[in-house]
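This report goes through selected local features of one model, from backbone geometry to helix packing and aromatic contacts. Please keep the sequence and the structure at hand while reading.

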Amino acid sequence: MFDNIHEECGVFGIYADKKCDVAAQTYVGLYALQHRGQESCGIVVNDDGLFNYYKDLGLVNQVFDKDRLQALGEGNMAIGHVRYSTTGSCNASNAQPLVVRHGKGPLAIAHNGNLTNARELRMQYENKGMIFHTTNDTEVISYVITEERLACGSIEKAVEQMMYRVKGAYSLVIMSPQKLIAARDPEGFRPLSLGKLGESWVVSSETCAFDSIGAKFVRDLKPGEIVVIDDSGVRSIETHCGSKGHICVFEYVYFARPDSVIEGSSVHKARLRAGKYLWREHPVDADIVIGVPDSGLDAALGFSQESGIPYGIGFIKNRYIGRTFIQPTQAERTNSVKIKLNAISSTVKGKRVVMIDDSIVRGTTSARIVNLLREAGATEVHVRISSPAFVAPCYFGTDIDSKENLIACNMTNEEICRHIGADSLGYLSVESVKKLAGKSDCDFCVGCFNEQYPIEVPAEMPKDKFEYRISDSK
Ligand code: SF4
């Protein structure tokens, strides 16, 4: 029934003080969030209650050219979305934002995260005769909000009521004819920040989008908070606040851009810390430290700074192709690693190399990358991973797979080391990964690393939910 409800996405919204080119600002914001999803994107502009929108498969600069942006026209509000899925499950009907037309007025929703009770809710609606047009759980949210809106009248009250009924991870940007609403689930699994651009308000999955449009960061939404922006200003509803939250720690390790600041902690500095802790936990004699682009680079620098082993650029990455984990078959993944990454022989030849990467999922890519270094002349390759080993799936919007596809569930550390052809292998500990975001006042979800999830998860992960895979993803 659901072919692709797991996704790692980016959301953006703007409420301008006057009618202006909000589509262009949203375009620039989405461009900065492109790393969070490369399969489809969309923008909805609100021009005095009239919603103009366009969404399609492709990167932001492929979907939107000058004419398309102009066709969206001016408005005083806009929301946008970038979405990640696989080639196989990717279709234009699942592109967001989702636009709902209803007697109570139109509604546009952009969602990052994954509900854990979407299946039950959807079955309830389907059994009542409702018809779904997509296979994503955002449509379930839209049904719940619309139903609650009929009961209580106001959109923000409907969002508040919706949060009693949907479970799981959601950072939402919602637009009604008069209001821009941002909401974060009570655990705050995914980031969501509020910013200001002159007299306009902006919300974004990551602060790097604020920088790209010249907006100033104001604050992160609290876990469980609803922020409502309309012509009377900004107000907050905190009915669902109270928990310190459990933000996904993998945002710091891998998902977020290093120039973003999440929950008060720089992602770049978090990755430096990962490298520092890796050295303390898994020291090794070596001549050079290199990182696997992109998210291994900062951790490699941290490892180098802490160990005194020189830092080097060991790989060159072809930046003009998409992430390899969108390729559906094993063979394609193997080939695309070769296409995307090449070792720099002058850096590694004749050297004992420490190679830092963010994760190992099935080991295919790691084996390939280690081999690239050997072919380039490295005498030893010591692999260090800036996160703990994946031992369980993710239910909160990330496509970390069921156990049978996670190498650490099927092999010992030594076996994995041999499998990928490394001389030694070390993962960051769960204790250390929780310390990466030094300034954050929140707790962290580390469920895929220790199976201790912050909220109840479904008894079984339906296999059909996983048409795509995280990582092996350089
Ligand atoms: S299970 Fe892992 S990937 Fe999923 S939210 Fe928790 S830490 Fe993040």
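## Backbone: positive phi

D48 lies in the loop between β2 (40–47) and β3 (50–57); helices (H or I, at least four residues) and strands (E, at least two) are DSSP runs, numbered from the N terminus. Phi of D48 is positive, near 55°, and D48 is a residue other than glycine. D48 is exposed, with a relative accessible area of 73%. Here buried means under 20% relative accessible area, exposed over 50%, and partly exposed in between (1.4 Å probe, protein chains only).

This is a predicted model, in which local features need pLDDT of at least 70 and side-chain atom pairs count only at pLDDT 80 or more, while totals for chains, interfaces and linings use all residues. Residues are numbered from 1 along each chain as its sequence is written, and side-chain values use heavy atoms, with hydrogens and water left out.

E263 also has a positive phi, of about 50°, although it is not a glycine. E263 is found in the loop between β15 and β16 (265–266). With a relative accessible area of 16%, E263 is buried.

## Backbone: cis peptide bonds

The peptide bond from Q96 to P97 is cis, with omega near 5°. P97 lies in the loop between β4 (75–83) and β5 (98–100).

P293 and D294 are also joined by a cis peptide bond, and omega there is about 0°. D294 lies in the loop between β17 (288–291) and α10.

Two packed helices are described by the angle between their axes and the distance between the axes. Axes are lines fitted to C-alpha atoms, for helices over the stretch in contact, and angles run from 0 to 180 degrees between N-to-C directions. Helix α4 (residues 118–127) packs with helix α5 (residues 138–152) at an angle of about 60°, their axes 10 Å apart. That makes α4 oblique to α5 (angles under 35 degrees count as roughly parallel, over 145 as roughly antiparallel, 65 to 115 as roughly perpendicular and the rest as oblique). The crossing of α4 and α5 is left-handed; a crossing is left-handed if the near helix is turned anticlockwise from the far one by less than a right angle, and right-handed if clockwise. From α4, residues A118, L121, R122 and Y125 meet V140, Y143, V144 and E147 in α5, where contact means heavy atoms within 4.5 Å.

The axes of α5 and α6 come within 8 Å and cross at roughly 125°. That makes α5 oblique to α6, and α5 passes α6 in a right-handed crossing. Among the α5 residues that meet α6 are I141, V144 and C152. In helix α6 (residues 155–165), the buried residues are I155, E156, A158, V159, E160, M162 and M163. These buried residues pack against β6 (107–112), α5, β7 (171–175), β8 (180–184), β12 (226–230) and β13 (233–237).

## Helix packing: α9 and α10

Helix α9 (residues 267–281) and helix α10 (residues 295–307) have axes 6 Å apart and pack at an angle of about 50°. α9 and α10 are therefore oblique to each other. Their crossing is right-handed. The α9 residues that meet α10 include H268, G275 and W279, and the α10 residues that meet α9 include D298, G302 and F303.

## Aromatic rings

How many aromatic pairs does a search of the whole structure find? The search finds 16. One of them is F250 with F255, edge-to-face at 5.4 Å centre to centre and 85° between the planes. Rings of Phe, Tyr and Trp (its six-membered ring) pair if their centres lie within 6.5 Å; planes under 30 degrees apart count as stacked, over 60 as edge-to-face and the rest as tilted. F250 is buried, with a relative accessible area of 2%, and F255 is buried at 5%. Ring pairs link F250, Y254, F255, F390 and F449 into a cluster.

The charged end of K435 sits over the ring of Y277, 5.1 Å from its centre. A charge sits over a ring if NZ of Lys or CZ of Arg is within 6 Å of the ring centre and within 35 degrees of the ring normal.

## A loop contact at D259

D259 is found in the loop between α8 (250–255) and β15 (261–262). D259 is partly exposed, with a relative accessible area of 37%. Not counting residues up to four places away in sequence, D259 touches T207, C208 and D211. D259 and T207 are 52 residues apart in sequence and 7.9 Å apart in space, C-alpha to C-alpha.
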